[in-house]
Amino acid sequence: MARKAFLIDMSRCIACRSCQVACKQWNKLEPEATVNRGSYENPPQLTPQLYNQIQFIEQGQGDELRWLFMNQRCMHCGDAGCIKVCPSAGALYHTPEGMVAFNQDKCIECHYCVNGCPFDVPRYDRKKKVTKCHACVDRIANGLVPACVKACPTQTLRFGDRDALIAEAKAAGKTVYGESELKGLGAVYILEDAPQTYNLPAKPAIPASIFLWKDVIKPLGILGFWGAMGAALLHYVTFGPKKLDEYGRRHDDDLNPPEKGA
Ligand code: SF4
Ligand code: SF4
Ligand code: SF4
């Protein structure tokens, strides 16, 4: 299946936050208490009940105020640090469309994916299970566009064939972020300034500690496990099954059985 993606053109966003509301409605996410911090930005960051959030970036330019908006969400990375570090197979996974979804039944609440994400996206709900934007897998599997895309009145948010959307953006002379980072992001942005202005890393990378875990420690752990299994099998074949005494106890040293009554 051809890879799909969001194309998010921040030059078109009017910060109406219909995308936030539509996501909460579709995913039945609870309302949250917020405070007035002197900004229209609300809440100030992603939460377990908010899978996409409009950041307000306010910059003074002389007497002028420059307002930029940023739709923050899971980037649906081609090379996803969250999947890489997750020890529970299937808790986080790539869908056939190339998006990164999750299965809370398989989440073991270790929270490693928080450390593996270069964009600080995964959150944990009250049950301590992973939660984040899942690209509306339930909608796209039925031929619908994600709820946030459907609700956006300015076509800031679009969803479709990844190659076609990127080609269209480039043909229009726009600056594209996410085409090749981390084997290509599934949330590709059109930006009006440098990525750092939008609080995006210029060169996102999976933390080096993840490679240590995934490529060194975990394989060594698996090697250790199978080594122990092999040794146990060899012991069984050589000495036979361990005997139980009259009290149902096992004895490692059959040559020195415990004394009667011990
Ligand atoms: S942005 Fe973070 S949570 Fe989303 S796919 Fe990439 S690594 Fe995973
Ligand atoms: S794709 Fe779906 S889950 Fe993700 S932010 Fe949009 S509405 Fe929410
Ligand atoms: S719905 Fe569209 S225009 Fe409104 S805040 Fe979200 S991305 Fe911006």
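Reply: Strands S1 and S8 pair in the antiparallel sense, with five bridges between them. One of the residue pairs here is Ala5 with its bridge partner Gly160 in S8. Please keep in mind that this is a predicted model. On to the next partner of S1: this strand, residues 4–9, is joined to S10, residues 187–191, by four bridges, and these two run parallel. Phe6 has Ala187 as its bridge partner in S10.

Put together, the sheet is open and has four strands in the order S8-S1-S10-S9, with mixed pairing. S8 (157–161) and S9 (175–177) are the edge strands, each with a single partner strand, so one side of each has no neighbour in the sheet. On average, neighbouring strands are turned by 25 degrees against each other, direction ignored.

S1 itself is mostly covered, with five of its six residues buried.

Tyr198 sits in the loop between S10 and helix H7 (208–239). Tyr198 is buried, with a relative accessible area of 1%; the cut-off for buried is under 20%. Leaving aside residues up to four places away in sequence, Tyr198 touches Met10, Gln55, Ile57, Leu68, Phe69, Met70, Leu191, Glu192 and Asp193. The C-alpha atoms of Tyr198 and Met10 are 9.7 Å from each other, although these residues are 188 residues apart along the chain. The other member is Phe119, whose contacts, again not counting residues up to four places away in sequence, are Gln72, Met75, Cys77, Tyr177, Leu182, Leu185, Leu200, Pro201 and Pro204.

Ligand 1 has 13 residues around it, and the nearest are Cys74, Met75, Cys77, Cys82 and Cys117. By class, that shell holds 10 nonpolar, two polar and one charged residues. Ligand 2 likewise has 13 residues around it, with Cys23, Cys133, Cys136, Pro146 and Cys148 coming nearest. Its shell divides into nine nonpolar, three polar and one charged. For ligand 3, the 13 surrounding residues include Cys13, Cys16, Arg17, Cys19 and Cys152 as the closest. Here the classes come to nine nonpolar, three polar and one charged.

A few backbone details are worth checking in your viewer. In general, most residues other than glycine have a negative phi, and most peptide bonds are trans. His76 has a positive phi, near 50 degrees, and is not a glycine. The place of His76 is the loop between strand S3 (64–72) and helix H2 (81–85), and His76 is buried, with a relative accessible area of 0%. Ala135 also has a positive phi, of about 60 degrees. Ala135 is in the loop between strand S7 (130–131) and helix H4 (137–140), where this residue is buried at a relative accessible area of 1%. As for the peptide bonds, the one from Asn42 to Pro43 is cis, with omega near -15 degrees. Pro43 belongs to the loop between helix H1 (18–26) and strand S2 (53–61).

Finally, the chain as a whole. Its secondary structure comes to seven helices and 10 strands. Of its 262 residues, 42% count as buried. Among contacts with a separation of 6 or more, 56% are between residues 24 or more positions apart.

How values were computed. Residues are numbered from 1 along each chain as its sequence is written. Chains are lettered from A and ligands numbered from 1 in the order in which they are written. This is a predicted model: local features need pLDDT of at least 70, side-chain atom pairs count only at pLDDT 80 or more; totals for chains, interfaces and linings use all residues. Side-chain values use heavy atoms; hydrogens and water are left out. Two strands pair if DSSP finds at least two bridges between them. Axes are lines fitted to C-alpha atoms, for helices over the stretch in contact, and angles run from 0 to 180 degrees between N-to-C directions. A residue is near a molecule or strand if one of its heavy atoms lies within 4 Å of it. Ala, Val, Leu, Ile, Met, Phe, Trp, Tyr, Cys and Pro count as nonpolar, Asp, Glu, Lys and Arg as charged, and the others, Gly among them, as polar. Buried means under 20% relative accessible area, exposed over 50%, partly exposed in between (1.4 Å probe, protein chains only). Contact means heavy atoms within 4.5 Å.
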